[in-house]
Amino acid sequence: MTVLELRNVTKTYKMAGGGTFQALRGISASFNAGELVAIVGESGSGKSTLMNTIGGLDSDFGGEIIYEGKNLAKYSTQELVDYHKKSIGFIFQNFNLIPHLNLLDNVALAMTLSNIDQKEREKRAKQLLEQVGLGEHIYKTPDEISGGQKQRVAIARALINDPDMIIADEPTGALDAETTTIVLDMIKDIAKSGKLVLMVTHSERVASHCSRVIRIDNGKLLDDVEQEQVQFLSKKTNDNFQIKNMSVLNAFRLAVLNMKAKFGRNALVALGSSIGIMSVVLMLSLGKGVTSYVKNTMNSYTNPKVTEVHKSSTTKNSNMSAKATGDSSTQAQANQNVLSSLTGTGSDSTFTKKEISKLAKLKYVDKVQKGFSTISLGTTSVTYNKKSASIIQLQTMSSSVTKSNITRGHRPGKNEILLDTGTADTLGKNIVGKTVTLTMTVNSKQISKSFKVAGTYSQSSNSSSATVFARYTDLQKLYKENGATLKANVIYLTTKDKEQTAKVKTKVKKMGYTGSIQETMTDMFSDMLSIITDVLTAIAAVSLVVSAIMILVVLNISVVERTKEIGVLKALGARRKDIRRIFVSEAFLIGFSAGALGDAVTYILSLIANHFSQSLFSINVVALTPKYAIIGMLLSIIISMLAGLMPANSASKLDPVDSLRKE
Ligand SMILES: Nc1ncnc2c1ncn2[C@@H]1O[C@H](COP(=O)(O)OP(=O)(O)OP(=O)(O)O)[C@@H](O)[C@H]1O
């Protein structure tokens, strides 16, 4: 039964330096199942070239190699992959076992590439290893066995998918006489089982054991002698398992085994990359920690359910003054507006009834309070017992003043005021409950009125500007008595739930209003901090570029080191995609380890930093959130995989013949 037919096969090499070389010059022959064919000839006569073309490793040949009725040169990529997996088994002179895989995995490799389930492939590999007398050594690596044993492993590997043909390129070339006999007997048995065995040999002794000897000289068939007649009517194939393409999972498994083999080197690369990841995550967490500390401190003294609304007249005025180049009267008007808005006397900073009712209708707003706030430039003061304190800000009471703001006493009732702690201290230690005189300007007139001090107020733990809080109704009455009308220049919107406050604040800002001075300052500070964080993170990210280059270099070295292994994988039926996946998976593993290591180190550093910052300032200075840890991990994986793409691609494009010839 004919298995393979060669019809006038030629092969011309294009040489790198230009010119061509014809290694095969029209070889025709036909091979049957069960034949053991020795291919003999001088060195350089074209034996290996013929084996490579028959083995489907080099499709760029002339003439025809017919297998199952079709010329190999016309095979599609997938058909060639299947041909390697199903129809051909390779045995090489120097074994070409994969050093970091144990014997079981080496033998099972072709089945792994065919996506046969692990149990089945291990069972079959074990069976074959027992058949070649290595049943007790299955978990050894190739470095732990002798040359003869290695060739027996290679024979088992070639047989795993039960192919029709075995191509053996000088299988006994590296063995002593005794082992040559053992290996030769095995090869003879393979032929006897009905497979076609094509064996390149330099040894006449080995050739004498073959059923047929083909001599090649200078690329031509010199002689074709049948030494023993064999007859197989049908070729035996094992169709018990279905050959498929390798899954991503199996590629990943091979990558894990590769990574384990070079653990030290890969661990160092991961460690190097993790420093970059750690710096980025640490910078982000530090930025977050400091920003939240600032925000929390600022916000802890305001009612979280209250939104303070101001008219942004200062913005309008600064625009105006910017436009007022050269026009002194407009400039003067702009300055006036800034002043009036600051002092709370300008008409454009007060709210109209329409504006207030519009604010009241906003979603989530439960309560609306009118307020008044004015900054006095040396005209407001509080006097008690001949002691006088200058007041910078006069403000009306609102829900935004919380219990935590009142350090002593209570919220002011009718004709009562709150004094900031600084002013209270200036006037006397026991000022709460005493009646003081408040002097202020109303309607361009200096007026004085007595108020009882209900309590003291503190805006934050360490800052306090000279402020007096009075009730809106008291101030309204005072203005009326002096022929003026108090108009609200602050509106306080209260929500039922503090979660809704943020929504109200956003809405109010969209309407063109601004929040409290404190809020504006917090926002400014947060913006500044986030710029600093971004800059520091960007600086830290530079080290990620270094990691990417490091990974690229290491994977490139790995491709060079494993060129032969890649050749073997291709001979066993690995697709380009499979090789690429193995290398990309390795890059993923480096990225994943670097990310995990970076996150873990950041976590430990955050614990240490927070321990010290807690004991010194009672704050957590590093806020490592799951989000940042995930960002670090993703960044690490993406960078590694991007860096791994180039080496993975070049590995996948390696020519199997060149790879296998590599010394
Ligand atoms: N890539 C190549 N480019 C150019 N010439 C090549 C290339 N590969 C092989 N050759 C040439 O083709 C001829 C056949 O080479 P091949 O390796 O097939 O010989 P061989 O019979 O297997 O030799 P040996 O027994 O020493 O392995 C040689 O002259 C070799 O120099």
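Start in the middle of things: the largest nonpolar core has 118 residues, and those with the most contacts inside it are Ile39, Val107, Val197, Leu198 and Met199. A nonpolar core here is a set of buried Ala, Val, Leu, Ile, Met, Phe, Trp, Tyr and Cys residues joined through C-beta atoms within 7 Å, where buried takes 20 or more other C-beta atoms within 10 Å of a residue's own, with C-beta atoms placed from the backbone. Helix 9 (residues 263-299) gives the most to this core, 11 residues; helices are DSSP runs of H or I, at least four residues, and strands are runs of E, at least two, both numbered from the N terminus.

Before you click on: this is a predicted model, so local features need pLDDT of at least 70 and side-chain atom pairs count only at pLDDT 80 or more, while totals for chains, interfaces and linings use all residues. Residues are numbered from 1 along each chain as its sequence is written.

Next, select Val197. Skipping neighbours within four places in sequence, Val197 is in contact (C-beta atoms, placed from the backbone, within 7 Å) with Leu36, Val37, Ile166, Ala168, Ile187, Ile190 and Ala191. Then colour the second, separate core of 36 residues, which includes Phe351, Phe372, Leu427 and Phe469.

Last stop: residues 535-560 and 581-608, among the spans an unreviewed UniProt entry lists as "transmembrane region"; such annotations may be inferred rather than shown by experiment. Residues 535-560 are 100% helix, with end C-alpha atoms 39 Å apart. Residues 581-608 are also 100% helix, and their end C-alpha atoms lie 40 Å apart.

Note on methods
Buried ≥ 20, exposed ≤ 12 C-beta atoms within 10 Å, placed from the backbone. Contact = placed C-beta atoms within 7 Å.
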